[in-house]
Amino acid sequence: MKFFVDTAEIDAIAELNDLGMVDGVTTNPSLIKKSGRDIIEVTKEICDLVDGPVSAEVTATDAETMIAEGRKLVEIAENIAVKVPLTWDGLKACKTLTDEGHMVNVTLCFSANQALLAAKAGATFISPFIGRLDDINLDGMELIEDIRTIYDNFGFETQILAASIRSVNHVLDSARIGADVITAPPAVIKAMVNHPLTDKGLDAFLADIKAAEIKIL
Ligand code: G3P
């Protein structure tokens with residue numbers, strides 16, 4: 001499973017990238033706003049840092065302008081994936097941009113039928129939002145399962161990019177179901193290292209190292 005990091009914060013991306021944890025990056029207008037940076041400038045910096053796909057989202061809602069924005073975004077770097085919303089116009093933009101050979105990430109997916117349409121329109125990635133479904137007491141993981149089943153039934157090559165990941169359990173469940181990619185905030189990826197028994201075991205080892213004055217260097 002690939003790990004994308006869901007942020008526009010350069011330092012956080014660089015830290016995880018140095019550890020081999022970053023297969024790509026996703027941004028959205030809210031993350032760009034949070035970074036306080038110019039979208040073109042910060043996206044270029046991310047693309048220079050990371051080898052994998054970097055999603056940059058269009059701002060328009062009509063297909064024609066989305067396509068024009070997408071064509072401008074892909075000029076930033078070869079690894080840009082144009083992110084378009086899951087609307088009828090977004091699907092039109094997806095079809096045109098993928099036909100031109102560009103990667104497209106169709107975002108704001110909340111149903112399996114939407115994911116089916118995105119695959120038919122040639123999407124490179126579909127981004128179902130797990131956390132936001134959980135927020136309204138629906139089951140985000142059930143959506144990932146449904147999309148996995150449907151894509152496998154018909155051999156769609158669109159990659160399932162599990163998004164709106166809020167917890168380490170979302171990552172684990174996505175891996176179990178077979179999502180191709182997860183995109184998660186840096187804090188969630190880093191939290192995956194935590195286990196109370198690791199801390200407890202290390203404390204005991206450290207006590208014995210001190211008591212026995214064990215030295216290697
Ligand atoms: O990239 C979009 C997505 O991951 C947003 O997550 O937590 O704002 O629902 P969230």
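The model is predicted: local features need pLDDT of at least 70, side-chain atom pairs count only at pLDDT 80 or more, and totals for chains, interfaces and linings use all residues. Residues are numbered from 1 along each chain as its sequence is written, and side-chain values use heavy atoms, with hydrogens and water left out.

**Overall architecture**
- The protein has 11 helices and eight strands, where helices (H or I, at least four residues) and strands (E, at least two) are DSSP runs numbered from the N terminus.
- Taken along the principal axes, the C-alpha atoms fill a box of roughly 70 × 40 × 30 Å.
- Of the 217 residues, 46% count as buried.
- Among contacts (heavy atoms within 4.5 Å) with a separation of 6 or more, 57% are accounted for by residues 24 or more positions apart.

**Surface and charge**
- The protein exposes about 11600 Å², of which carbon and sulfur atoms supply 54%; accessible areas come from the Shrake-Rupley method with a 1.4 Å probe, and for residues only the protein chains shown count as cover.
- There are 19 positive and 34 negative side chains, and the centres of the two sets lie 2 Å apart.
- In this count Lys and Arg are positive and Asp and Glu negative, while His and the chain ends are not counted; each charge is placed at NZ of Lys, CZ of Arg, CG of Asp or CD of Glu.

**Helix H4**
- The buried residues of H4 are Ala 63, Met 66, Ile 67, Gly 70 and Leu 73.
- These residues cover an arc of only 125 degrees around the axis, which puts them on the same side of H4; the arc is that of the directions from the helix axis to the C-beta atoms.
- Their packing partners are H3, E3, E4 and helix H5 (88–99).

**Helix H3**
- In helix H3 (residues 39–49), the buried residues are Val 42, Thr 43, Ile 46 and Cys 47.
- Viewed down the axis of H3, the buried residues fall within an arc of 140 degrees, so they line one face of the helix.
- They pack against helix H1 (10–18), strand E2 (24–26), helix H2 (29–35), strand E3 (54–57) and strand E4 (80–85).
- At the start of H3, a side-chain oxygen of Asp 38 comes to within 3.2 Å of the backbone nitrogen of Ile 40.

- Not counting residues up to four places away in sequence, Asn 79 touches Cys 47, Val 50, Asp 51, Gly 52, Pro 53, Val 54 and Met 103.
- Lys 83 lies in strand E4 and, at 4% relative accessibility, counts as buried.
- Beyond its neighbours within four places in sequence, Lys 83 has contacts that include Thr 26, Asn 28, Ser 55, Glu 57, Asn 105 and Thr 107.

- Leu 108, in strand E5 (residues 103–109), has a positive phi near 60 degrees although the residue is other than glycine.
- At 33% relative accessibility, Leu 108 counts as partly exposed.
- Glu 213 counts as exposed, at 63% relative accessibility.

Terms used
Buried < 20%, exposed > 50% of the residue type's maximum accessible area, 1.4 Å probe, protein only. Polar contact = N/O pair within 3.5 Å; in protein donor to acceptor, adjacent residues only side chain to side chain.
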